[in-house]
Amino acid sequence: MELMLYQERARELERDWKLMCNGEPEAAEPMHLPVAFGRELIVKRSCPSQRLIRVMFEELCCKGIDGTAYGSPDYLALVSSCSALFLEEIPCLRRRQRDEAKRLVLLVDSLYEQRTNVRCRLIELAVDVDLDGDCICRYMLPSQRRMRQ
């Protein structure tokens, strides 16, 4: 069941991507976006003619291989250069991932400030908190949510 929901969400996001690309091809090469402090953000999937960007959570909210961690000025530069952002593979963020959670909040704030459309795909759809205050993630159907309330 969980795998089916995950795959269904992936198909929905892909359908939305193609719809918003409006028949235009994706960029053949990665896009190099200038962000704050003279750095560049490499975007692997984009549709430049429609100003669409598609990235993974890990690429934006976790430290890169080179140790780069993006912040608010970087996110503002990113979202001001696109009309819509597709953000994929957002995990359940646990207590030990405080930095990643803060970066996600900064990204969402930037999207809101610039009024940029966003499409997201989560890895997990529901969260419970265990006795240690950490997250336990699992899929939950709408009918299950109503039953727990």
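**Charged pairs**

Mentor: Let's begin with Asp 74, which is buried, with a relative accessible area of 3%. Buried means under 20% relative accessible area, exposed over 50% and partly exposed in between (1.4 Å probe, protein chains only). This is a predicted model, where local features need pLDDT of at least 70, side-chain atom pairs count only at pLDDT 80 or more, and totals for chains, interfaces and linings use all residues. Residues are numbered from 1 along each chain as its sequence is written, and side-chain values use heavy atoms, with hydrogens and water left out.

Trainee: Which side chain meets Asp 74 in a salt bridge?
Mentor: That of Arg 39, at 2.5 Å, N to O. A salt bridge here is a side-chain nitrogen of Lys or Arg within 4 Å of a carboxyl oxygen of Asp or Glu.

Trainee: Is Arg 39 buried or partly exposed?
Mentor: Partly exposed, at 23%.

Trainee: New topic: what does Asp 16 pair with?
Mentor: Arg 119, through a salt bridge of 3.7 Å, N to O. Asp 16 lies in helix α1 (residues 2-21) and Arg 119 in strand β6 (residues 117-122), so this pair ties together parts 103 residues apart in sequence.

Trainee: How many salt bridges does the structure hold?
Mentor: It holds 12.

Methods. Helix = DSSP H or I, 4+ residues; strand = E, 2+ residues; numbered from the N terminus.
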